[in-house]
Amino acid sequence: MEHDIVIHSGQIATADFLFDGDIAIKDGRIVAVAETIAGGERRIDAGGRIVMPGGIEAHAHIAQESAAGVMTADDYLSGSISAAFGGNSSFIPFAAQHRGQSIDHVLETYDARAARSVIDYSYHLIVSDPTEEVLRDQLPRAFERGVTSFKVFMTYDLLNLGDAGMLDILTVARAHGAMTMVHCENDAMVKWMNRQLAAQGLVAPKYHAISRPALAEAEAINRAVQLAKLADAPLFVVHVSTPEGAEIVRREKYGGAKLYAETCPQYLALTRNDLDRPGMEGAKFICSPPVRDTETQSALWHHVRMGTFESVSSDHAPYRADDSGKFGAGRDAPYPKIANGMPGIAMRLPYLFSQGVVGGRIRLEDFVALTSTNAARTFGCTKKGRIAPGMDADIAIWNPETRWTATLADQHDNMDYTPFEGMEITGRPEIVMNRGEVVVEHGALKAAEGQGRFFGRAPVDLRARPGVALSEFDPARNFGVGLR
Ligand code: URP
Ligand code: ZN
Ligand code: ZN
């Protein structure tokens, strides 16, 4: 059997170990990994390069309307191209249910949108309207087709499920082995802060940073985790932005809760001073939860190193700095009316590689785990995120020494700014493959529109975390009552 591609002489990086060797690819799959492999219709010399699983971007908003009705600047074509230039072989954007919509309708809509993708994709749902029918029939149907995760919100009027709603949906998720992702901010605290600031006329972008205190995140993370423990449901805390929140995650995760979490590069790279740039420039840096300060950055790096987070995800939420995005409510809109979110899908891996691996903060193995393998494990991507026979040939070949300066033109997205503008980066993906097809090679796009395919995902492996034994659910200590 002639291999389609042999990648030879590279340093192969996995989440567990590094070794020098070759990889053979046939029909889109890795078929052999060995010290040396002969032949190959195409032989790619990876001498001096790192060969690793392509990134799996597990938090991105693509062709998605916000609850306020603002459409992201990236569709599945520009979003997937940008992801690929940033070293990703696949991604899992959100398919958002708005109130009144059925989950079946949402998935049909996103299937049509995602057909343009140049890399493989799956979806996490966003559930904002968990009616009885949604909980009983529609969500289980989505899980059945491999959409085994969904996000819920503890804030925003059009999204917030409330504690009782969270418990109901966590119970359904537990029964089906689905992952509940949660946006944790205490809604009342945020609204109270907004009123305090508005009363004093403090509505410039920089005040966004203080309108959503660390306490609001920590309180909500703690509450979400306790709710999930009551239901014994797996929970994934998205975009953790504070040491207080990370500390709760660490404690509860190692206490046995079925708990997972991520942080994002913006919380490692940016501070509230970026929201204080002249004029309305600061609006570009508005996201929720907000970017914080340099002490927070150091503390979050500590948690990245300690294994508190499964992943570092981009939370790519591309709203242009014009009327189509950030300023839909006007050029001088007060911060609560400026669209939340910033782009970063092409910068997630380069930033983390440069600051993390080259900067000596994390090992290359950790980088692979944080950007690919852990997302595959957490979200049931059974054929992706690993270099091993039988896996999809989703592979990125990096030059670890390339030095470059981040700029908008490198992003290949549909945005008019990058929050990483001007940052010095070392290391860059040169070749990115998806199922053995070269998507990006030395700065050129090689894939055609629509080349990406949907991939269904397995349920959460509930054995991966023990859970916590609550006495209320032990019949021997609970008058023989069987609950849950
Ligand atoms: O501000 C942000 N992060 N926007 C994207 C939506 C979300 O909450 O993840
Ligand atoms: Zn969120
Ligand atoms: Zn997000």
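Predicted model: local features only at pLDDT ≥ 70, side-chain atom pairs only at ≥ 80, totals over all residues.
Start at the zinc ion (ligand 3). Its protein donors are His-59 and His-61, each through NE2, plus Asp-315 through OD, and they lie 1.9 to 2.1 Å from the metal. Around this zinc ion, four donor atoms subtend angles of 90 to 121°, so the arrangement comes out as tetrahedral. In sequence terms, the donors follow the spacing H-x1-H-x253-D. That links distant parts of the chain: His-59 sits in strand 6 (residues 55–60), while Asp-315 belongs to the loop between strand 14 (311–312) and helix 11 (348–358), 256 residues apart. His-59 counts as buried because its relative accessibility is 0%, and Asp-315, at 8%, counts as buried too. If you look around for the zinc ion (ligand 2), you'll find it 4.2 Å from the zinc ion (ligand 3).

The largest pocket holds about 910 Å³. It has 43 lining residues, with Ser-66, Ala-68, Tyr-156, Leu-159 and Asn-340 nearest its centre. Strand 10 (149–153) and helix 5 (187–199) are the elements giving two or more residues to that lining, and helix 5 has the largest share, with four. Sorted by class, the lining splits into 18 nonpolar, 16 polar and nine charged residues.

The second largest pocket comes in at about 390 Å³. Of its 20 lining residues, Lys-253, Glu-310, Asn-374, Arg-377 and Arg-465 are closest to the centre. Helix 10 (294–306) and helix 12 (364–378) each supply at least two residues here, with helix 12 providing the largest share, seven. By class, this lining has nine nonpolar, three polar and eight charged residues.

Conventions: Residues numbered from 1 in each chain as written. Chains lettered and ligands numbered in written order. Heavy atoms only, no water. Donors = N, O, S within 2.8 Å, 3.2 Å for Na, K, Ca; no water. Tetrahedral: all angles 85-135°; square planar, octahedral: opposite > 155°, others 65-115°. Buried < 20%, exposed > 50% of the residue type's maximum accessible area, 1.4 Å probe, protein only. 1 Å grid on protein atoms, 1.4 Å probe; cavity = no way out; pocket = protein on both sides within 12 Å on 5 of 7 lines; lining within 4 Å. Points joined across faces, edges and corners; volume = space filled by probe spheres on them. Nonpolar A, V, L, I, M, F, W, Y, C, P; charged D, E, K, R; others polar.
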